[in-house]
Amino acid sequence: MEYVNFGKAGVKVSPLALGLGLRGQSDENAAQRLIEHAIDSGINLIDCANIYGPMDDRANIGRSEIILGKAIKRKREDVVITSKVCSHVGQGPNDYGLSRYHYHAGD
């Protein structure tokens with residue numbers, strides 16, 4: 001695969017990214033295998049968000065990040081992860097936005 005510069009960040013990424021919305025996927029093991037296959041195929045740019053989860057169900061908020069963590073356990077240095085963290089993940093006053101608190105909640 002031919003890689004391209006990721007802006008001015010000094011890293012090279014695949015021109016194709018894998019998005020982890022998992023809107024039509026209900027099987028977390030299959031989703032993990034999908035991620036592993038993508039990485040083994042040369043895709044090293046993965047897009048995630050704090051609200052993503054299987055079947056786009058609010059009950060699964062954050063599950064995509066957990067699945068991703070399992071899939072890259074031994075390959076973390078081989079991938080570039082982009083994420084969105086602003087979305088509502090709960091009803092509390094700090095359960096959304098771009099504050100440091102919200103960004104680190106759930107670590």
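Predicted model: local features only at pLDDT ≥ 70, side-chain atom pairs only at ≥ 80, totals over all residues.
**Notebook: a pocket and a helix pair**

I got Cys48, Glu65, Leu68, Gly69, Ile72, Arg76, Ile81, Thr82 and Ser83. Two elements, H2 and strand S5 (80–84), each put at least two residues into the lining.

H2 made me curious, and I went on to its packing with H1. Helix H1 covers residues 28–40 and helix H2 covers residues 63–71; they pack at an angle of about 55°, and their axes lie 9 Å apart. That angle makes H1 oblique to H2, since roughly perpendicular would need 65 to 115 degrees. As for handedness, I have the H1 and H2 crossing down as right-handed.

Then I checked who touches whom. On the H1 side the contact uses Glu28, Ala31, Gln32, Ile35 and Glu36. From H2 come Arg63, Ile67, Leu68, Lys70 and Ala71. Sorting the residues of this H1 with H2 contact gave me five nonpolar, one polar and four charged.

One last thing I jotted down concerns Leu68: this residue of H2 takes part in the contact with H1, and Leu68 is also listed in the lining of the second largest pocket.

Terms used:
Residues numbered from 1 in each chain as written. Heavy atoms only, no water. Axes fitted to C-alpha atoms, helices over the stretch in contact; angles between N-to-C directions. Helix = DSSP H or I, 4+ residues; strand = E, 2+ residues; numbered from the N terminus. Parallel < 35°, antiparallel > 145°, perpendicular 65-115°, else oblique. Left-handed = near helix turned anticlockwise from the far one by under 90°. Contact = heavy atoms within 4.5 Å. Nonpolar A, V, L, I, M, F, W, Y, C, P; charged D, E, K, R; others polar. 1 Å grid on protein atoms, 1.4 Å probe; cavity = no way out; pocket = protein on both sides within 12 Å on 5 of 7 lines; lining within 4 Å.
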